[in-house]
Amino acid sequence: MAGLKTIIALSFVLAIGFLLVILSSALWKNYFPLLVVATYVVAPLPNWICGRAANPDDFMDHGASGIVELGRFLTGFLVVMGIALPVVLAHCAIIQIPAMIMSIVGGLLIYGTIISFTMFFQEEEEF
């Protein structure tokens with residue numbers, strides 16, 4: 001059971017992640033690194049949607065189905081895209097290297113916080 005300290009710690013880490021991504025954009029006056037925030041916010045959605053669609057009956061579990069694997073693939077794709085997008089933008093000289101590093105670290109902090117929130121606050125099954 002997660003307590004108030006967990007919520008405060010995760011909120012602090014999330015704020016640092018957003019600060020890094022916003023600073024990576026604002027310090028160099030180039031707002032392309034903000035695309036990382038969109039990819040990390042959208043990344044857990046395919047896994048959640050496909051997980052809900054694959055198991056309409058809680059009493060029958062048939063193992064991993066194709067739709068669950070599709071959700072995991074799309075989530076993995078979006079996470080890798082959140083890391084690769086700043087690298088590609090820096091390679092093309094659209095953003096600076098320090099902006100790339102700040103954007104990647106901030107994005108990973110954001111996604112890690114989202115995953116931690118879902119792990120700490122998911123409902124446990126009672127049988």
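# Helices, patch and contacts

Me: Which helix does isoleucine 49 lie in?
Reply: Isoleucine 49 lies in helix H3. Helices (H or I, at least four residues) and strands (E, at least two) are DSSP runs, numbered from the N terminus.

Me: What kind of model is it, and how is it numbered?
Reply: It is a predicted model: local features need pLDDT of at least 70, side-chain atom pairs count only at pLDDT 80 or more, while totals for chains, interfaces and linings use all residues. Residues are numbered from 1 along each chain as its sequence is written, and side-chain values use heavy atoms, leaving out hydrogens and water.

Me: Which residues form the nonpolar patch on the surface?
Reply: Phe18, Ile22, Tyr31, Leu34, Val41, Val42, Leu45, Trp48 and Ile49. Together they have about 840 Å² of accessible area. Areas come from the Shrake-Rupley method with a 1.4 Å probe; for residues, only the protein chains shown count as cover. Patch residues have over 30% relative accessible area and no salt bridge; like charges are joined within 9 Å, nonpolar side chains (Val, Leu, Ile, Met, Phe, Trp, Tyr) within 5 Å.

Me: Which elements give two or more residues to the patch?
Reply: Helices H1 (4–26), H2 (35–42) and H3 (44–54). H3 gives the most, with three residues.

Me: Zoom out. How many helices and strands?
Reply: Five helices and zero strands. Along the sequence the pattern reads α-α-α-α-α.

Me: What about burial and surface for the chain?
Reply: Of the 127 residues, 29% are buried. The accessible surface comes to about 8,600 Å², and 72% of that belongs to carbon and sulfur atoms.

Me: How much of the contact set joins residues at least 24 apart?
Reply: 74%, among contacts between residues at least 6 apart in sequence. Contact means heavy atoms within 4.5 Å.

Me: What is the end-to-end reach of H1?
Reply: The end C-alpha atoms of H1 are 32 Å apart. Its 23 residues should span 33 Å at 1.5 Å a residue, so the two values agree. The expected span is 1.5 Å times one less than the number of residues.

Me: And H5?
Reply: H5 has 24 residues and reaches 34 Å from its first C-alpha to its last, close to the expected 34 Å.

Me: Which residues of H1 are buried, and what covers them?
Reply: Leu10, Gly17, Val21, Ser24 and Ser25 are the buried ones. Their cover includes H2 and helix H5 (97–120).

Me: What covers the buried residues of H5?
Reply: The cover includes H1, H2, H3 and H4. Among the buried residues of H5 are Met100, Ile104, Tyr111 and Thr113.

Me: What does leucine 10 contact?
Reply: Thr113, Ser116, Phe117 and Phe120, leaving aside neighbours within four places in sequence. Leucine 10 counts as buried because its relative accessible area is 10%. Its C-alpha is separated by 9.3 Å from that of glycine 112, 102 residues apart along the chain.

Me: And threonine 113, buried or exposed?
Reply: Buried, because its relative accessibility is 1%. Threonine 113 is in helix H5. It touches Leu10, Val13 and Leu14, not counting residues up to four places away in sequence.

Me: Where is asparagine 30?
Reply: Asparagine 30 is in the loop between H1 and H2. At 17% relative accessibility, it counts as buried. Beyond residues up to four places away in sequence, asparagine 30 touches Ser24, Ser25, Ile94 and Ile95.

Me: Which side chains meet in a salt bridge?
Reply: Those of arginine 72 and glutamate 69, at 3.2 Å, N to O. The structure holds one salt bridge, meaning a side-chain nitrogen of Lys or Arg within 4 Å of a carboxyl oxygen of Asp or Glu.

Me: Why are those two about one helical turn apart?
Reply: Because they are three residues apart in helix H4 (residues 66–91). Arginine 72 is partly exposed at 47%, and glutamate 69 is partly exposed at 39%.

Me: How many disulfides?
Reply: Zero in the whole structure; the test is a pair of cysteine sulfur atoms within 2.5 Å. Cysteine 50 is buried, with a relative accessible area of 9%. Cysteine 92 is partly exposed at 49%.

Technical notes
Buried means under 20% relative accessible area, exposed over 50%, partly exposed in between (1.4 Å probe, protein chains only).
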